[in-house]
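Please keep the sequence and the structure open beside the text.

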Amino acid sequence: MADVRIVLVEPQEPMNLGAVARAMRNFGLKELYVVNPGPRVGPPWAKEAYWLAVHAEEVLEGAKAVGSLEEALEGVHLVVATTGRPRELYPAPVRTPKEVAQVLRRTRGKAALVFGRETFGLTNEELDLAHLVGSIPTAPEQPSLNLAQAVVVFAYELFALGQGEGEEGVAELRALEAFFQDLGRYLLEIGFTDQNRFPYAMRRLRRIFHKALLTPGEVQMLRGLLHQSRYAMGRKDAGD
């Protein structure tokens, strides 16, 4: 199974941080990254966080505070962004926690489970970085969960599924984002879309490619295809 990193984006409540650390300890997760923690949270981590990090102080003490989500995802091969808010268009396939765990079981390398702010979750731009979107089915009368509760659900499904040998390697986020940069330039060059419709077009294409869980070799092949296409168009324009 993939080595899983928990990423919290801009948490505001120190007790949520402590409860997340405890949930991670309950289900065997150790690596915690915190993006732009609020001033009440730390670092150094607030004493309120330690109140709820019962027997999980080592997870909390090992947590890394970073300045951006991109920094928190360094070295990650598979990104799962979680959300409880309905969106007009998700940039990646939406899966339940159990389905997310099944994907991670057949994935080698580092994976990240990304959780958003207590108030409004993740932005559309942050969701764009995800290969999968994880969503917990809830009753419509009360759809939102506490941050630590959401971490518990995903962590439990990972733990319950057990350890399995990876069957495939997924391309690192950095390589995949380089491909999307190439693809975006290419779409504008050939007039497939314009600047006004570009974000929507890219979000739909991200969704298509994320469904494939591209391997490093597949990303390299697709980038080569775009490069060769540009080269061929240049030769044609030159009359060759």
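Two rings of Phe, Tyr or Trp (the latter taken by its six-membered ring) count as an aromatic pair if their centres lie within 6.5 Å. The model discussed here is a predicted one, and a search of the whole structure finds six such aromatic pairs. The points below take up two of these pairs, then helix packing, a strand residue, backbone geometry and a contact across the sequence.

**Aromatic rings**

- A pair of aromatic rings is described by the distance of the centres and the angle of the planes.
- F27 and Y156 form an edge-to-face pair, with 6.0 Å from centre to centre and 75° between the planes; because planes over 60 degrees apart count as edge-to-face, the angle decides this label.
- This pair links distant parts of the chain, since F27 lies in the loop between α1 (14-26) and β2 (31-35) while Y156 lies in helix α7 (residues 147-161), 129 residues apart.
- Y156 has a relative accessibility of 42% and therefore counts as partly exposed, the class that lies between buried, under 20%, and exposed, over 50%.
- The pair of F180 and F209 is likewise edge-to-face, with 6.4 Å between the centres and 65° between the planes.
- Here too distant parts of the chain are linked, with F180 in helix α8 (residues 173-189) and F209 in helix α9 (residues 198-212), 29 residues apart.
- F180 is buried, because its relative accessible area is 3%.
- F27 and Y156 also belong, together with F159, to one aromatic cluster.
- A charge meets a ring elsewhere in the model, where the charged end of R5 sits over the ring of Y33, 4.2 Å from the centre of that ring.

**Helix packing**

- The axes of α8 and α9 come within 11 Å and cross at roughly 135°, and the two helices are therefore oblique to each other.
- The crossing in which α8 passes α9 is right-handed.
- On the α8 side the contact involves L176, E177, F179, F180, L183, G184, L187 and L188, which meet F198, M202, L205, R206, F209 and H210 in α9; F180 and F209, the aromatic pair described above, are thus among the residues of this contact.
- The axes of helix α5 (residues 97-105) and α7 come within 9 Å and cross at roughly 50°, which makes α5 oblique to α7.
- The crossing of α5 and α7 is right-handed, and the contact is made by P97, K98, V100, A101, Q102, L104 and R105 of α5 together with V153, F154, E157, L158 and L161 of α7.

**A buried lysine in a strand**

- K110 lies in strand β7 (residues 110-115), and this lysine is buried because its relative accessible area is 14%.
- Leaving aside residues up to four places away in sequence, K110 touches D3, R5, E31, G75, V76, H77 and L78; one of these contacts, R5, is the arginine whose charged end sits over the ring of Y33.

**Backbone geometry**

- Most residues other than glycine have a negative phi, and most peptide bonds are trans.
- A cis peptide bond joins G42 and P43, with omega about 0°, and the peptide bond from P43 to P44 is cis as well, with omega near -10°.
- P43 lies in the loop between β2 and α2 (47-52), and P44 is placed in the loop between β2 and α2 too.
- E10, in the loop between β1 (3-9) and α1, has a positive phi near 50° although this residue is not a glycine; with a relative accessibility of 24%, E10 counts as partly exposed.
- H55, in the loop between α2 and α3 (57-61), also has a positive phi, about 60°, without being a glycine; H55 is exposed, because its relative accessible area is 64%.

**Across the sequence**

- E189 lies in helix α8 and is partly exposed, with a relative accessible area of 48%.
- Although E189 and R230 are 41 residues apart in sequence, their C-alpha atoms are 9.2 Å apart in space.

Conventions. Residues are numbered from 1 along each chain as its sequence is written. This is a predicted model: local features need pLDDT of at least 70, side-chain atom pairs count only at pLDDT 80 or more; totals for chains, interfaces and linings use all residues. Side-chain values use heavy atoms; hydrogens and water are left out. Helices (H or I, at least four residues) and strands (E, at least two) are DSSP runs, numbered from the N terminus. Buried means under 20% relative accessible area, exposed over 50%, partly exposed in between (1.4 Å probe, protein chains only). Contact means heavy atoms within 4.5 Å. Rings of Phe, Tyr and Trp (its six-membered ring) pair if their centres lie within 6.5 Å; planes under 30 degrees apart count as stacked, over 60 as edge-to-face and the rest as tilted. A charge sits over a ring if NZ of Lys or CZ of Arg is within 6 Å of the ring centre and within 35 degrees of the ring normal. Axes are lines fitted to C-alpha atoms, for helices over the stretch in contact, and angles run from 0 to 180 degrees between N-to-C directions. Angles under 35 degrees count as roughly parallel, over 145 as roughly antiparallel, 65 to 115 as roughly perpendicular and the rest as oblique. A crossing is left-handed if the near helix is turned anticlockwise from the far one by less than a right angle, and right-handed if clockwise.
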